[in-house]
Amino acid sequence: MSMHSLDRRVGLALAVAAAGSICLLAAGVAIMVAGGVQPLTDPVPKLHPGRLGSDLAALRAEGWLWLGVIAVILTPAVRVAASLILFAAARDWRQTAIALAVLAVVALSVVVGYGG
Amino acid sequence: MTDLLLLVGCGSAAGALGALLGLGGGVLIVPLLTLGFDLPLREAIGVSLVCVIATSSASASVYLRRDIANLRLGMTLELFTAAAALAGGLIAFALPERVLGILFAGLLAYVAIVMVRGREPEADLDLPEASEAADPVPGADPSSFIDRLGGEGYRVRNLGWGVAGSMVAGLLSALLGIGGGVVKVPLMNQVMRVPLRVATATSNLMIGVTASSAGLIYLVRGEIDPYVAAPTALGVFAGAGVASRLAHRVDLKLLRTAFVVILAFTAIQMLARAVS
């Protein structure tokens, strides 16, 4: 696989992930408007990962907004994961290792965030 | 409803100005949220990181598909920006907000000074012509790691300085909620001798992972309000998209001058808020 072809595939994966996360945010804001939620005055909702599924099913704004925010934050990691797969397929082990290390740092952020 | 529209509107303005002036939205979003909506600084930084990731992901996908961004170089440097952002995220929670406010005021003053001086990167470092770009770089060794980081028509230099500068950019990103392009673009262009267009596109690519690393810390520590982050990010995304299509119709010189005044005024306000 040529470098240009690899870049384009990674770019496509990033475009799909970015569009998906923006759609989730837009859905959350639409539900927020419909439900009369007031930003800045209503209490800030807490993130409960275990409750996310039921919040989404019940069309609660906080569920959709949290999913959108998480999707936005993880979109670059999708790009790195796509790069990792494509670099491995191209047998470019040095770049594969770098991609793996970048993903490890991103994962470590969650651990460190909870731990501190 | 009014607050929501105001957040979308301010986000759009920040996104549009950022796109027109080549700045990430973070430099504008943080002061807008703290001074305009009285949000605590750390919460504003968390929201800003979400906005920065949304816009950088969208533009980086275009740069990659158009073969402008250098994926290998970006991923190598972003390993260090992301690691530094992780450390910066922890430091941001250890520092008093007052210190963060003073740092942010300093950043705004620095950006204003850079814009006043109008320091443009050297023209001879821009992308070579297409015919020239297709030629192999003389002396490049395909088995050398640093030579493999180069692109068509250019070689990467001073990787060690690039790594060190990337760590500074990652630290600033996590501490202040900015993309860090203000450090990375001149670093790659002037020090690493990467053509300006490639440096800008590659910096954009790196911003996502850097802000993601810091953003996750802000997220799990409860410093991101989704009621504020979502409408602001949508506004920034829309504003940046519209502005990039209107850029050729805008008098950028006038806009730049007005923006310097706004930056200077905002820096003073941020400083006053931090010390009061």
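Where is the place of B:Asp67 in chain B? B:Asp67 is found in the loop between α3 and α4 of chain B, where helices are DSSP runs (H or I) of at least four residues, numbered from the N terminus. The model is predicted, local features need pLDDT of at least 70, side-chain atom pairs count only at pLDDT 80 or more, and totals for chains, interfaces and linings use all residues. Residues are numbered from 1 along each chain as its sequence is written, chains are lettered from A and ligands numbered from 1 in the order in which they are written, and side-chain values use heavy atoms, with hydrogens and water left out.

B:Asp67 has a positive phi of about 60° although it is not a glycine. Most residues other than glycine have a negative phi. B:Asp67 is partly exposed, with a relative accessible area of 25%; buried denotes under 20% relative accessible area, exposed over 50%, and partly exposed the range in between (1.4 Å probe, protein chains only). The side chain of B:Asp67 meets that of A:Arg8 in a salt bridge (2.5 Å, N to O), defined as a side-chain nitrogen of Lys or Arg within 4 Å of a carboxyl oxygen of Asp or Glu. This pair crosses between chains, A:Arg8 being in helix α1 (residues 3-34) of chain A. A:Arg8 is partly exposed, at a relative accessible area of 41%.

The interface of the two chains was then examined. In chain B, 54 residues are in contact with 57 residues of chain A, contact meaning heavy atoms within 4.5 Å. The chains bury about 5,000 Å² between them, 75% of it on carbon and sulfur atoms; buried area is the accessible area (1.4 Å probe) that two parts lose on being put together, summed over both. B:Arg72, B:Met75 and B:Tyr227 supply 15% of the area that chain B buries against chain A, more than any other three residues. Four salt bridges are found across this interface. A:Asp92 and B:Arg148 form a salt bridge through their side chains (3.3 Å, N to O). Because A:Asp92 lies in the loop between α3 (61-89) and α4 (93-115) of chain A and B:Arg148 in helix α7 of chain B, the pair joins two chains. A:Asp92 is buried, with a relative accessible area of 8%, whereas B:Arg148 is partly exposed at 35%.

Within chain B, B:Asp38 also has a positive phi of about 60° without being a glycine. B:Asp38 is exposed, with a relative accessible area of 60%. B:Arg273 forms a salt bridge with B:Asp38, the closest N and O atoms being 3.2 Å apart. B:Arg273 lies in helix α12 and B:Asp38 in the loop between α2 and α3, so the pair ties together parts of chain B that are 235 residues apart in sequence. B:Arg273 is partly exposed, at 32% relative accessible area.

Buried positions occur in the helices of chain B as well. In helix α9 (residues 181-191), B:Lys184, B:Val185, B:Leu187, B:Met188 and B:Asn189 are buried. The buried residues of α9(B) pack against α4, α8 (159-176) and α10 of chain B. Just after α9(B), B:Arg193 takes a positive phi of about 60°. B:Gly89, in helix α4 (residues 71-94) of chain B, is buried, with a relative accessible area of 0%. Leaving aside its neighbours within four places in sequence, B:Gly89 is in contact with B:Ala174 and B:Ile217.
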